Amino acid sequence: MDYAPLTLVAVAAVSLAAGAFGGMLGVGGGIVLVPVMVGLLGIPLEEARSASLVSVIVTSLGSSLVYLKDGVTDLERAGPLQLPTVVGAVVGALLGTVLNGRIVATLFSILIFIVAWQMLVQRGSGTPSKVPGSIWMWAGFACVFGGILSSLLGVGGGLIFVPVMTLLFGTEQRVASATSAFLIGMTAATSALIYQMSGHLHPWLGVSSAGGIFLGAQVGARVSGMLSGRRLRVIFSFVMIATAFLLLNRVVRGDV
Amino acid sequence: MSELRGDIVRLPVFFGLSGALLAALIPGYQDLALSILVFTPLCVAAVTGVTLIATKRYGSGFSFLLAVAMAVAIAFWGGLPR
């Protein structure tokens, strides 16, 4: 499918806003991009999802440049979480061919409401020096699930990874956001690679969204340091609730 | 995570983004730009894995390398059966 230059400019503009938002909160920005591209710009879900995954990669790389420089990213803890996210991404691509997207999106919306509520009521957090093995197991399962959702819906998976680190490990919000921003890059790359092989990745659509989101990610990562952990968590919770409504709207309209 | 290790991991990020930007600006090379972008996180994860192993964080390091191996294997297969 060929796109009018105006459509590509609109995609770049939306990506710019989504990039700022994603870099600030450690999510990929795909949660904004996919609904807008499909719902407002009339782009097919398969191509919107693939372009969104490319912009998730750019958000991740752009944010990681800043976070790694500041030494905020917890690479040691990211390692054991990265493998299950990639496994999830591969499983998600397989499931995408057989599972009804409306069912997945509905379940996803419900999950977002629960996690957003938990983050809103959570008070204070400290980083435990030793994490019990059972928590690592649950974190692994959650990350596989995050990878599946990333691949199926074209989102980064930060919606799952950030709460996993803050709620299960007690990681500080900014460290969790930075580590999540790092994790989503590899997860989205695995999914994007699969979709690129399947011919669903439109070059100009991908470049437009990637260009816009890179600039936005730089802004978002810098602004994140100016906000307190509590405030960031509240913003994140409300963004998640808004995303859940957007997703449900897509389900009702039959866009998923 | 020391500053040195963070700097090493930032190198492939910087080169990947620069390479993709350069390719995106040349007409007809947008596909190459996307390919560079898609493979950059794999390089970043590989460098991170090796760096962690070099500093005796074997669990985290091998986890990163295994994730990269899985993605590379998919690339060699040419995607998943559909």
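What percentage of the 256 residues in chain A do buried residues make up?

1. The structure is a predicted model, and the remarks below should be read accordingly. In chain A, 60% of the 256 residues are buried.

2. The secondary structure of chain A consists of ten helices and zero strands. Followed along the sequence, the chain A pattern reads α-α-α-α-α-α-α-α-α-α.

3. The contacts of chain A deserve a separate remark. Of those between residues at least 6 apart in sequence, 85% join residues at least 24 apart.

4. Helix α8 of chain A covers residues 173-197.

5. Is α8(A) largely enclosed by the rest of the structure, or largely exposed? Of its 25 residues, 23 are buried, and α8(A) is therefore largely enclosed by the rest of the structure. After α8(A) comes A:Gly199, which has a positive phi, near 80°.

6. The contact between the two chains draws 40 residues from chain A and 39 residues from chain B. On the side of chain B that touches chain A, the elements giving two or more residues are α1 (3-25), α2 (30-54) and α3 (58-77) of chain B. The largest share of that side, 13 residues, is supplied by α2(B). Sorted by class, the side of chain B that touches chain A holds 23 nonpolar, eleven polar and five charged residues.

Conventions:
Residues numbered from 1 in each chain as written. Chains lettered and ligands numbered in written order. Predicted model: local features only at pLDDT ≥ 70, side-chain atom pairs only at ≥ 80, totals over all residues. Helix = DSSP H or I, 4+ residues; strand = E, 2+ residues; numbered from the N terminus. Expected span 1.5 Å × (residues − 1). Buried ≥ 20, exposed ≤ 12 C-beta atoms within 10 Å, placed from the backbone. Contact = placed C-beta atoms within 7 Å. Nonpolar A, V, L, I, M, F, W, Y, C, P; charged D, E, K, R; others polar.
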